[in-house]
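The following paragraphs lead the reader through one structure, taking charged pairs, a pocket, the surface and a few distances in turn. Please keep the sequence and the coordinates at hand while reading.

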Amino acid sequence: MAIATITNKGQVTIPKAVRDTLGLHSGDKLDFSCDKGGRIVVTPINKSVDDLFGRFFDPERKSISIAEIDDAVRRKFREQER
């Protein structure tokens, strides 16, 4: 069980175990709702592809062409067929 305390500003720190389980990171958005039993339901808002833009950029990584990507995909399919 994870317990958190509400601050005088109404803020709550989500326990690390819960953040890890839900894959939450700083800046993520959450939806809060109450069910009929008076329980609070917290649901992470799924990110769009646009939110991931630039996250995997590595200036040290060599660029590859579409043809090289296609070749790699073909090779992988051939390996799986064996």
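At 38% relative accessibility, Asp 71 counts as partly exposed, a class lying between buried (under 20% relative accessible area) and exposed (over 50%), computed with a 1.4 Å probe and protein chains only. The model is a predicted one, in which local features need pLDDT of at least 70 and side-chain atom pairs count only at pLDDT 80 or more, while totals for chains, interfaces and linings use all residues. Residues are numbered from 1 along each chain as its sequence is written, and side-chain values use heavy atoms, with hydrogens and water left out.

Asp 71 forms a salt bridge with Arg 74, the closest N and O atoms being 3.1 Å apart; the term requires a side-chain nitrogen of Lys or Arg within 4 Å of a carboxyl oxygen of Asp or Glu. Both partners belong to helix α2 and stand three residues apart, about one turn of the helix. Helices (H or I, at least four residues) and strands (E, at least two) are DSSP runs numbered from the N terminus. Arg 74, at 44% relative accessibility, is likewise partly exposed.

Side chains of opposite charge can pair when their charged atoms come close. The structure holds five salt bridges. In one of them, Arg 39 is paired with Asp 35, with 3.0 Å between the closest N and O atoms. Arg 39 is exposed, at 57% relative accessible area, whereas Asp 35 is partly exposed at 25%. Another links Lys 62 to Glu 68, where the closest N and O atoms are 3.8 Å apart. Here Lys 62 is exposed at 62% and Glu 68 partly exposed at 35%.

Attention may now turn to empty space. Rolling a probe the size of a water molecule over the atoms shows where empty space is left. The largest pocket has a volume of about 320 Å³. Its lining comprises 13 residues, of which Val 12, Ile 14, Pro 15, Phe 32 and Val 42 are the closest to its centre. Helix α1 (16-22) and strands β1 (30-34) and β2 each give two or more residues to this lining. A pocket is here an open set of points on a 1 Å grid over the protein atoms alone, where a 1.4 Å probe fits and protein lies on both sides within 12 Å along at least five of seven lines; lining residues have an atom within 4 Å of a point. What classes of residue make up the lining of the largest pocket? It has 13 nonpolar residues, no polar and no charged ones.

Ile 64, Ile 66, Ile 69, Val 73 and Phe 77 make a nonpolar patch of about 480 Å². Such a patch takes residues with over 30% relative accessible area and no salt bridge, nonpolar side chains being joined within 5 Å. Ile 64 is placed in the loop between β2 (40-44) and α2 (66-81).

The loop between β2 and α2 also contains Pro 59, which is exposed at 59% relative accessibility. Ala 72, in helix α2, is partly exposed at 34%, and its C-alpha atom is 21 Å from that of Pro 59. Leu 24, found in the loop between α1 and β1, is buried at 12%. From Leu 24 to Glu 81 the C-alpha distance is 37 Å, at a sequence separation of 57 residues.

Terms used:
Patches are made of residues with over 30% relative accessible area and no salt bridge: like charges are joined within 9 Å, nonpolar side chains (Val, Leu, Ile, Met, Phe, Trp, Tyr) within 5 Å. Accessible areas come from the Shrake-Rupley method with a 1.4 Å probe; for residues, only the protein chains shown count as cover. Grid points are joined across faces, edges and corners, and a volume is the space filled by probe spheres set on the points. Ala, Val, Leu, Ile, Met, Phe, Trp, Tyr, Cys and Pro count as nonpolar, Asp, Glu, Lys and Arg as charged, and the others, Gly among them, as polar.
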